[in-house]
Amino acid sequence: MAKAPKLNTDLGDSSDPVFSDEITISNNTLNENIGSFTDLPVDTATISGKLDIFNKVRLKPYYKAQVAETGEARKAVQQDFTKNGNWLNTFCAGNLALLKKTGYPFAKDDGAQGKLEATTLSVTTVANSALIDFYITHVKGGGIHYGIMITLATNTETNPAKWGFYYASQREGTIPELERNTNYKMISFAMGTDKDLTYSAEVEIKTL
């Protein structure tokens, strides 16, 4: 039995220019068909505003913090796109005619991915706490989950498989239960159908 069609709500494997185009297409299409989707969680004007910020940052002449700031601006757009996409998937319930009115790309069926490529891990401190916010870049394919390996920065063990493990139920969130005023090192990885993992570059951060 064929699976019901679904929208792709995560554009993490799209380049920045393609990402911008895909968001613009979905916004324009939703605006044209807004009568069918009057209860969208995030209005298209809000997403368009955030997309403008993203494009202004990424298209500026190069400066030192541009990559990080572009990533943060893109993340803000992606969060709203995903929120609307999840709502649309539920609302449309596999109705192909309705799904086409959203302008979203369609999700591909899950399959065996082979060894997955490396992710990129970004981390930031949370004020007045030992919490760390994280963001893991998306890799191509369906049915992929993500994890983070964590240890003290002073640990001389070089094999991340022997560090502490944190399961990231989503690609962004908050790591709890760390010690305050402590240096940690972390890596992220994608988990698919292949047991051979590819780790990200190591990042270090000190909790507050």
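Two strands are taken to pair if DSSP finds at least two bridges between them. The structure shown in every view is a predicted model, in which local features need pLDDT of at least 70, side-chain atom pairs count only at pLDDT 80 or more, and totals for chains, interfaces and linings use all residues. Residues are numbered from 1 along each chain as its sequence is written, and side-chain values use heavy atoms, with hydrogens and water left out.

**View 1. Overall arrangement of the protein chain.** The protein chain contains four helices and seven strands; helices (H or I, at least four residues) and strands (E, at least two) are DSSP runs, numbered from the N terminus. Along the sequence, the pattern reads α-α-α-α-β-β-β-β-β-β-β. Taken along the principal axes, the C-alpha atoms of the protein chain fill a box of roughly 60 × 45 × 30 Å.

View 2. Two packed helices are described by the angle between their axes and the distance between the axes. Here the axes are lines fitted to C-alpha atoms, for helices over the stretch in contact, and angles run from 0 to 180 degrees between N-to-C directions. Helix 1 (residues 16–32) packs against helix 2 at an angle of about 160°, the two axes being 11 Å apart. Helix 1 is therefore roughly antiparallel to helix 2, given that angles under 35 degrees count as roughly parallel, over 145 as roughly antiparallel, 65 to 115 as roughly perpendicular and the rest as oblique. Helix 2 (residues 44–58) and helix 3 have axes that come within 9 Å and cross at roughly 160°, so these two helices are also roughly antiparallel to each other. Between helix 1 and helix 3, the axes come within 12 Å and cross at roughly 40°, which makes helix 1 oblique to helix 3. Helix 1 passes helix 2 in a left-handed crossing, helix 2 passes helix 3 in a left-handed crossing, and helix 1 passes helix 3 in a left-handed crossing. A crossing is left-handed if the near helix is turned anticlockwise from the far one by less than a right angle, and right-handed if clockwise.

View 3. Strands of a sheet pair through backbone hydrogen bonds, either parallel or antiparallel. In this sheet the strand order is 1-2-5, with antiparallel pairing. Strand 1 (121–125) and strand 5 (172–175) are the edge strands, each pairing on one side only. From one strand to the next, the twist averages 25°. Strand 1 is joined to strand 2 (residues 132–136) over five bridges in the antiparallel sense, and Ser122 stands opposite Tyr135 in strand 2.

**View 4. The second largest pocket.** On a 1 Å grid over the protein atoms alone, a cavity is a set of points where a 1.4 Å probe fits but cannot get out, whereas a pocket is an open set with protein on both sides within 12 Å along at least five of seven lines; lining residues have an atom within 4 Å of a point. The second largest pocket has a volume of about 510 Å³ and is lined by 20 residues. Ala68, Gly71, Glu72, Ser122 and Tyr135 lie nearest its centre. Helix 3 (66–92), strand 1 and strand 2 each supply at least two residues of the lining, and the largest share, eight residues, comes from helix 3.

View 5. Strand 6 (residues 183–191) pairs with strand 7 in the antiparallel sense over four bridges. Lys185 stands opposite Glu204 in strand 7.

Technical notes
Grid points are joined across faces, edges and corners, and a volume is the space filled by probe spheres set on the points.
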